[in-house]
Every structure is written in structure tokens, then in C-alpha cells.
Amino acid sequence: MNALGRQILAEIHGCDSNVLNDITSVEEIMVQAALKAGAEVREVAFHKFSPQGVSGVVVISESHLAVHTWPEHGYAAVDVFTCGDSVNPWDACNYIVEQFRAQNFTASETLRGVLVESNVSTQKAAI
């Protein structure tokens with residue numbers, strides 16, 4: 001890999017609003033998504049909003065998975081960021097889409113920390 005990490009931002013539409021509004025379900029789905037991608041789960045933090053919606057993060061050794069849900073719109077915003085070569089963020093993303101019972105989604109991948117070889121002695125700081 002020529003980058004330190006891969007980050008997928010997913011726009012997930014037409015989801016089951018009951019799933020998106022259930023903190024237990026959302027947390028379980030996100031943790032299982034991390035495990036299915038081959039990640040090592042470290043910490044989990046989720047919050048249920050009133051009257052609806054769930055936000056949370058699964059911290060993994062390889063970075064994180066985050067979600068924010070809008071059950072009233074059947075919509076979830078998901079961020080899957082992984083580092084290293086042993087974890088596939090697409091496996092996590094696809095699992096989340098399936099478990100949220102989404103009708104459609106779009107996602108984009110960005111390489112993070114792209115490493116560029118440079119001659120340090122010729123680098124000049126911009127002021």
C-alpha cells in the first residue's frame with residue numbers, strides 16, 4: 001500500500017427506520033462490521049438521541065468506524081477508516097448496508113496518509 005490508511009464515506013439510503021433508531025442494533029451491527037472486516041475492536045461508544053437517531057463509534061486497533069442515523073429519513077452516514085493491509089473497509093461497509101436493509105447507497109474511498117518519497121535536504125518550509 002502506498003498510503004497509511006483507507007477511508008470510506010458512505011451515504012446509506014432507504015434503510016429500515018426501526019433498525020436505525022435502535023441503539024442496541026446499530027451498535028451490534030457496527031461492532032460486527034469491524035470484526036467481519038478483520039479488525040480488532042478496542043472501544044465502543046454509542047448514544048441514542050431523543051426523539052430519534054443514534055450516533056456512535058467503534059474504535060479499532062486499525063482506526064475507527066463511525067455512524068450517524070436519521071431514522072425519520074431512513075438515512076445513515078457511515079465512515080469506515082482502516083490502516084494497514086490486514087483489514088478491508090469495504091467488507092465492513094457492505095455488511096452495514098446489508099444489515100441496515102438499505103435500498104441504495106453511494107460510497108467513496110479516499111487514501112489517507114499517502115506516502116511520497118522526497119529528498120528531505122531539498123525540502124523548504126513555506127512561510
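**Salt bridges, a ring pair and a hairpin**

Modeller: In this predicted model, Arg6 counts as partly exposed, at 21% relative accessibility.

Colleague: Why is Arg6 called partly exposed?

Modeller: Buried means under 20% and exposed over 50%. Arg6 has 21%, so it falls in between.

Colleague: What makes Arg6 and Glu109 a salt bridge?

Modeller: Their side chains meet at 2.7 Å, N to O. The cut-off is within 4 Å, so the pair qualifies. Arg6 lies in strand β1 and Glu109 in strand β6, so the contact ties together parts 103 residues apart in sequence.

Colleague: How do you know that Arg42 and Glu40 form a salt bridge?

Modeller: The N to O distance is 3.6 Å. That is within 4 Å, so it counts. Arg42 is exposed because its 53% is over 50%. Glu40, at 42%, is partly exposed.

Colleague: Why is the pair of Trp70 and Tyr75 called tilted?

Modeller: The centres are 5.3 Å apart, within the 6.5 Å limit, so the rings pair. The planes make 40°. Stacked needs under 30 degrees and edge-to-face over 60, so tilted is what remains.

Colleague: Is Tyr75 buried or exposed?

Modeller: Tyr75 is buried, because 14% is under 20%. Trp70 is partly exposed at 36%.

Colleague: How do you know that strands β2 and β3 pair?

Modeller: DSSP must find at least two bridges. Here β2 (residues 41-48) and β3 (residues 54-60) have seven, in the antiparallel sense, so they pair. Lys48 has Val54 in β3 as its bridge partner. Five residues sit between the strands of the hairpin, where Gly53 takes a positive phi near 110°.

Technical notes. Residues are numbered from 1 along each chain as its sequence is written. This is a predicted model: local features need pLDDT of at least 70, side-chain atom pairs count only at pLDDT 80 or more; totals for chains, interfaces and linings use all residues. Side-chain values use heavy atoms; hydrogens and water are left out. Rings of Phe, Tyr and Trp (its six-membered ring) pair if their centres lie within 6.5 Å; planes under 30 degrees apart count as stacked, over 60 as edge-to-face and the rest as tilted. Buried means under 20% relative accessible area, exposed over 50%, partly exposed in between (1.4 Å probe, protein chains only). Helices (H or I, at least four residues) and strands (E, at least two) are DSSP runs, numbered from the N terminus.
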